[in-house]
Amino acid sequence: MAKPLLKIQRYFRRKPIRFFTLSLLYLTAGSLVFLHAGIGGDSCCGKRGMPIYTVVASETGGQITSSDGGGLGIMRVFKEAHRPGRGYAPMWKKKAGQINEGKAGDYTNKRSHAVKGRSAKEPDDARAKYLGCYVDSTQKRALKGVSFFDYKRMTVFRCQDNCAERGYMYAGLEFGAECYCGHKIQTANASESECNMECKGEKSNMCGGANRLSIYRLELSQESARRHGSAIFKGCFHRPDNISLALPFRISIQNMSVDKCVDTCTEKEKSLAVLAGDRCHCGFPTSLFSLHEPEDEGMCLHRCPGEEFESCGNDEYFVVYQTQVQDNRCMDRHFLPTRASQLVALASFPGSGNTWCRHLVELATGFYSGSYYFDASLYNKGFKGERDHWRSGRTICIKTHESGKKDIEAFDSSILIIRNPYKALMAEFNRLYGGHIGFASQANWKGKEWPEFVKSHAPWWGSHVMDWLQYGKNVHVVHYEALKRDLFSHLKGMVEFLGLKVSEDRLLCMEGQKDGNFKRSGLRKLKYDPYTPEMRANISELIRKVDAALKKRNISGVPDEYMPR
């Protein structure tokens, strides 16, 4: 053995270059193998070798496919790899252009944390009351509202939440994967044993059966819209003075019902369906019929000839529904035709409805709003000014959550949105753990995350408002709660502050599209107070300081509902 080694040693002594050449080739080969393993891991796997799958969900069902394009054929369930905690410092210090576009605004991980926190045994079941098993068929549906299917991931809560978001009173599940919504159950009970199919997304619950619905009555918040099928109930209103101009289309319908009038106005591409006894009027909100002065609903109590349990109004008092037809008078939006001479901030503490206010401002003005940050999810939802640099001058106002003298003085004027801190903190906590319209899980609320969040963010609510009042050059204060109560007049004031001419038609159109995609359903609202006495004492002190700061600038103080102080 020693003799061959000696020969090799003498060989490399005579030809040292060969030794170095072979060593270099060996190291290069090792590096290539290591690099290939790293690239392969990134392309097909996530952290800790976890395979990456793309989840595609739709109204007709959900499926899971692998990222390499090969079909899986079966559904795979896996837990997300552990990620280190982010802490609770403000997350909006990165400005537009500083964030990797592929990752900005990606709430997938936070959303999955929230979803994983739910279970069939969680107290969320108290948001709805189980009524029983009911007959259903394609010829006669028990629930006649919207429906959707997911043959891989349907759960009881998912169905309930979707129906609640649309304002329906009842949610029903069928065949383990189908969800139906409605305002009235229109079929008879069935034996409980006939609702015997497990939910596709949770084996611990039953989701109806073959032509059988498991029906729940939802406990909606007062803010949830009342609906009849896909139409939104707007209220009872007095007959307009000039009805032929206010509601130009009119038809008499035999055996009048809400469905018949709504279907007629939908076919005519009108956003309002107005019932007046056996007559159906269609149109859009205008100054002649603005829907700003609702009457007592008792004035419209007149049974529909074609439906025993519905009211169709009469000659003097009309029942009004909003159809699914989009009012396009306020949907066109553009960048400013010339560069703005002043930068206007749309400032708020996080969770105060800034995204919703941007939506309203864009509809009311016809111009895009910008942002101090970049959020790809908002850009994809239609906020095209999100991609622009905040100093571009092409947007009507710029969203910001910043505070502090330097950041505030960068703007020439500002609209400051203030929201009840108790509501704002909860909304921002939901956003952090559930996305823009999602929810934090019960585990987040009852764990250490919530008290740590309040401890760090509550003082920021107070300092944020007081900094803008102190350093802002021209501040227009809007209270979120007041804006919700009287949307038309407050938004009109915001448009005038922006230096634009007010279009009443755009404002009336905006009222019909006010929610956009930025409203959480009422179903998952907490049934208990998450604030401890110590938290409330600290927040009440902040409210008093903000109230004093507002009055010092001759601005009305905080609304009474922010109290008790």
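The charged end of Arg394 sits over the ring of Phe335, 3.8 Å from the ring centre; a charge counts as over a ring if NZ of Lys or CZ of Arg is within 6 Å of the ring centre and within 35 degrees of the ring normal. This is a predicted model, in which local features need pLDDT of at least 70 and side-chain atom pairs count only at pLDDT 80 or more, while totals for chains, interfaces and linings use all residues. Residues are numbered from 1 along each chain as its sequence is written, and side-chain values use heavy atoms, with hydrogens and water left out.

**Nonpolar cores**

- The largest nonpolar core has 44 residues, and Leu416, Trp450 and Tyr531 have the most contacts inside it. Such a core is a set of buried Ala, Val, Leu, Ile, Met, Phe, Trp, Tyr and Cys residues joined through side-chain atoms within 4.5 Å. Buried means under 20% relative accessible area, exposed over 50%, and partly exposed in between (1.4 Å probe, protein chains only).
- Elements giving two or more residues to this core include strand E21 (413-418), helix H12 (449-471) and helix H16 (533-552). H12 gives the largest share, nine residues. Helices (H or I, at least four residues) and strands (E, at least two) are DSSP runs, numbered from the N terminus.
- Beyond its neighbours within four places in sequence, Leu416 is in contact with residues including Ala347, His464, Trp468 and Val477. Contact means heavy atoms within 4.5 Å.
- Apart from this core lies another, of 28 residues, among them Val344, Leu487, Phe488 and Leu491.

**Aromatic rings**

- The structure holds 20 aromatic pairs. Rings of Phe, Tyr and Trp (its six-membered ring) pair if their centres lie within 6.5 Å; planes under 30 degrees apart count as stacked, over 60 as edge-to-face and the rest as tilted.
- One of the pairs joins Phe349 and Trp460 edge-to-face, at 5.3 Å centre to centre and 75 degrees between the planes. Phe349 is in the loop between E18 and helix H7 (354-365) and Trp460 is in H12, 111 residues apart. Both Phe349 and Trp460 are buried.
- Ring pairs link Tyr422, Phe429, Tyr433, Trp445, Trp450, Phe453 and Tyr531 into a cluster.
- Arg536 lies over the face of Tyr422, 4.5 Å from the ring centre.

**The five-stranded sheet**

- Five strands form an open sheet in the order E19-E20-E18-E21-E22, with parallel pairing. Two strands pair if DSSP finds at least two bridges between them.
- Strand E19 (370-371) and E22 are the edge strands, each pairing on one side only.
- E18 and E21 run parallel and are joined by five bridges. Ala345 has Ser414 in E21 as its bridge partner.
- H7 packs on the sheet, where it touches E18, E19, strand E20 (398-400) and E21, and its direction makes about 145 degrees with that of E18. Axes are lines fitted to C-alpha atoms, for helices over the stretch in contact, and angles run from 0 to 180 degrees between N-to-C directions.

**Strand E17**

- In strand E17 (residues 317-322), six of six residues are buried. Tyr317, Val319 and Tyr321 point one way, and Phe318, Val320 and Gln322 point the other way.
- Strand E11 (residues 231-238) pairs with E17 in the antiparallel sense over six bridges, and Phe237 stands opposite Phe318.
- Strand E13 (residues 272-276) runs antiparallel to E17, joined by four bridges. Leu272 has Gln322 as its bridge partner.

**Cys199**

- Cys199 lies in strand E7 (residues 198-199) and counts as buried because its relative accessibility is 0%.
- Not counting residues up to four places away in sequence, Cys199 touches residues including Met154, Val156, Gly176 and Cys207.
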